[in-house]
Amino acid sequence: MNRCPSMLAPTPTQGGCLSRLRLVGGRASSLQLEGILEWIKDGEIEITRRGNLQHRSLLPPTPLVLQKLQDLKLIGSPETDQLRNIMLSPMAGIDTKMVMDTSLWAKEWEKYLQDHRELKDLSAKFSIGFDGGETVSITHLLNDVLVSAIDPASVVIFLSDPVGVVVPVQEVIDVLQTIVFLYMNFTKAATTKPRLKEMVANYGIESVWHRVEQKLGKKFDRLSKLTDKNPSFSCLGVFHQNNDAYFAIGVAIPSSRLAAMELQKLKQIADRFGTGELRFTPWQSILIPFVHRSFVAESLKQITEMNLSVTDQPPITACAGLACNSSFTDTQTNAKELSQQTKARSITIHLSGCARLCAYSIPHHFLAIGVSPGVYALYHDQKKLTECTDRELLTVVANYQNLPKANLSATKI
Ligand code: SF4
């Protein structure tokens, strides 16, 4: 079964299907949001860990909806739509500390995918992240290729390996195309669709860079990746933009889900006080950019009236649970049952229906993973504490409530 749903190829789920809309850089304009609202009707959307949008429905999107979304450039060509996995910092282009605006590269890469339908054979998980040196950083998030700005004239490109190459900005797209050329050849020789990291493991990173250099007739300096000392685990609050008059407001989205009415309301706030654009983040929150300073207070008031927060991470998050065929546990129902109690006890927890952890993106005290029907394994700081049934979960978690909050990388197993 195709494990990566798209708009043109939804995956079947228990009682319906799941469609995924790939937003380039997580961004949607006001007009595009109208199309998204038409698509989900009175349903809800789920924000994924790549800032994409998923929607569960009984039936796949109609041809009319697909055409509308295609006209709005929310769906790519039928052959390569599934490859539009392009991540940007939500603050790309507006961050006060950024070295360069990466949104132009995202557009260029989107066009490249659109124009090169022969790439259809690549793994649908092939992904690129463009980091412009923003304060809200995506450098530690998973991407097959990371293009990271060093200064206004150069970037370093990494491929699932700590050793990257330093490339002048004007040659970035050429290098990316060459990497994809090698990856295509590797894919053609394989029986299944390999991930890029398999090519790197097979050739060795130095051999990959050597092949890129040979094809382009150039040499690139090597640079080793440094550990990100300040990885971003959220994009919440009020951020100064690089233009003094404007701010961006990051809103937490409980359980990473929004009903159509809520999305409509956030769109209205963005239309009225910003440019109408919403940015869906890899931390499953929403950023409203370009809010003029004279409208920040009113925007915050209206967000609070929606019972949404710009400071608090949701204490409990959960993946799709039984709506997904892989789930052992009813994470959504269990999350609702736990939500009040966890708040009262200042405990935060993520519930995952299986070990794939699709929806796990922010730090929590605990991680509960479905391991058999109705049974969770409970983790803290990479250590498995115990296994328990969904009925016992709260009591078991309460027993461990004095443990410190672990950071994301430490909690991830
Ligand atoms: S974590 Fe597992 S159960 Fe949950 S949505 Fe992902 S694949 Fe499905």
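Exposed means over 50% relative accessible area, and buried means under 20%. At 67%, Lys 219 therefore counts as exposed. Its salt-bridge partner is Glu 213, with the closest N and O atoms 3.7 Å apart. Glu 213 is buried, at 4%. The model is predicted.

**Salt bridges**

The whole structure holds 22 salt bridges. Three of them are listed here.

| Pair | Closest N and O atoms |
|---|---|
| Arg 117 and Glu 79 | 3.7 Å |
| Asp 144 and Arg 195 | 3.0 Å |
| Glu 213 and Lys 219 | 3.7 Å |

Asp 144 sits in the loop between strand 7 and strand 8, and Arg 195 in the loop between helix 4 and helix 5, so their bridge ties together parts 51 residues apart in sequence. Asp 144 is buried, at 4% relative accessibility.

Arg 117 and Glu 79 form a salt bridge. This pair links distant parts of the chain, 38 residues apart. Arg 117 is partly exposed at 39%. Glu 79 is partly exposed at 27%.

A network of salt bridges links Glu 44, Glu 46, Arg 56 and Arg 257.

**Two buried residues**

Arg 84 lies in the loop between helix 2 and strand 6. Its relative accessible area is 3%, so Arg 84 is buried. The Arg 84 side chain reaches the backbone oxygen of Leu 74 at 3.0 Å. Arg 84 also touches other residues, including Arg 22, Val 24 and Glu 110.

Thr 13 belongs to strand 1. Thr 13 is buried too, at 13%. A polar atom of its side chain lies 3.5 Å from the backbone nitrogen of Cys 17. Among the contacts of Thr 13 are Arg 56 and Asn 325.

Terms used. Residues numbered from 1 in each chain as written. Predicted model: local features only at pLDDT ≥ 70, side-chain atom pairs only at ≥ 80, totals over all residues. Heavy atoms only, no water. Helix = DSSP H or I, 4+ residues; strand = E, 2+ residues; numbered from the N terminus. Buried < 20%, exposed > 50% of the residue type's maximum accessible area, 1.4 Å probe, protein only. Polar contact = N/O pair within 3.5 Å; in protein donor to acceptor, adjacent residues only side chain to side chain. Contact = heavy atoms within 4.5 Å. Salt bridge = Lys/Arg side-chain N within 4 Å of Asp/Glu carboxyl O. Lists of a residue's contacts leave out its neighbours within four places in sequence.
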